[in-house]
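Notebook open, structure on screen. I wanted to look up a few salt bridges first, then the strands and helices behind them.

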Amino acid sequence: VSSASAKNTEPSSDNGNTSDAEDSRLLVSYFAYSENMGDTSKMDVDAITSASLNKRTSNTEGNLQVMAQEAASEKHGDLFSIQVTDPYDPDYNTMVGVAQDDQRNGKQFTFVNEIENFGQYDTVYIGVPVWWGKLPQPMVSFFEKYDFSEKTIIPFGIHLGSRFGSMIDEIKELEPNATVLDGFTISADTDNDKVRTEFDAFLSGLD
């Protein structure tokens, strides 16, 4: 699995934003809260973990990351982690209020890295947490930043009961010249193994 190119960055295995495959036609990009936290040095490990991995599971990875890695591997695509320059508070309860305000106020976000040669991709998988039945505000900025015209968008996400909510319609409104599939979503507190099995079945159905 290769990673998507990013402007003004050195190659790194940590952020998933570099590339040695310039001819890929498929991109897997995802936005995970666990990769968009601020300084966690003063927080208890359990507090950080509970924000991204539900304690009722035996998960060792975030479900969005599991699906992103599966899509990139099974579909031979580039992988890109969407990371904002203004990260959220690592305390989950604090983050919730801020994220809701961001949605209400239409906050604009900028990003740590940019996708080079975005035009080369025909198909883009988009991984997102569904926040209050909608796109996280950073993802609104992401869709506004890149032109998805003539591309196929395949959403995949995690939720806490809303499934995709109005998110698919939001994406279609933001990208009216793209083809947006119904996508795949699963409860955030699902075990990694079950997520992998069900998502692999979804990916196979796209062949």
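Predicted model: local features only at pLDDT ≥ 70, side-chain atom pairs only at ≥ 80, totals over all residues.

At what relative accessibility does Lys145 sit, and is Lys145 buried, partly exposed or exposed? I looked it up: 38%, which counts as partly exposed (buried is under 20% relative accessible area, exposed over 50%, partly exposed in between, with a 1.4 Å probe and protein chains only).

Residues are numbered from 1 along each chain as its sequence is written, and side-chain values use heavy atoms, with hydrogens and water left out.

**Salt bridges**

I took a salt bridge as a side-chain nitrogen of Lys or Arg within 4 Å of a carboxyl oxygen of Asp or Glu. That rule gives 8 salt bridges.

Lys145 pairs with Glu114 at 3.4 Å, N to O. Lys145 is in helix H4 and Glu114 in the loop between H3 and S4, 31 residues apart. Glu114 is partly exposed too, at 31%. (Helices are DSSP runs of H or I, at least four residues, and strands runs of E, at least two, numbered from the N terminus.)

I also checked Arg196 and Glu61, which meet at 3.4 Å, N to O. Arg196 lies in H6 and Glu61 in the loop between H1 and H2, so this pair ties together parts 135 residues apart in sequence.

**Helix H4 and strand S4**

Back to H4: 7 of its 9 residues are buried, so H4 is largely enclosed by the rest of the structure. Among the buried ones I noted Met139, Phe142 and Phe143. The buried residues of H4 pack against S2, H3, S4, S5 and H5 (contact means heavy atoms within 4.5 Å).

For S4 I found 7 of 7 residues buried. Thr123, Tyr125, Gly127 and Pro129 point one way from S4, and Val124, Ile126 and Val128 the other way. S4 runs parallel to S2, with 5 bridges, and pairs in the parallel sense with S5 over 7 bridges (pairing takes at least two DSSP bridges).

**Helix H5**

Last, I looked at H5, where Met167, Ile168, Glu170 and Ile171 are buried. The face turned away from that buried side carries exposed Asp169 and Glu173. The buried residues of H5 pack against S4, H4, S5 and S6.
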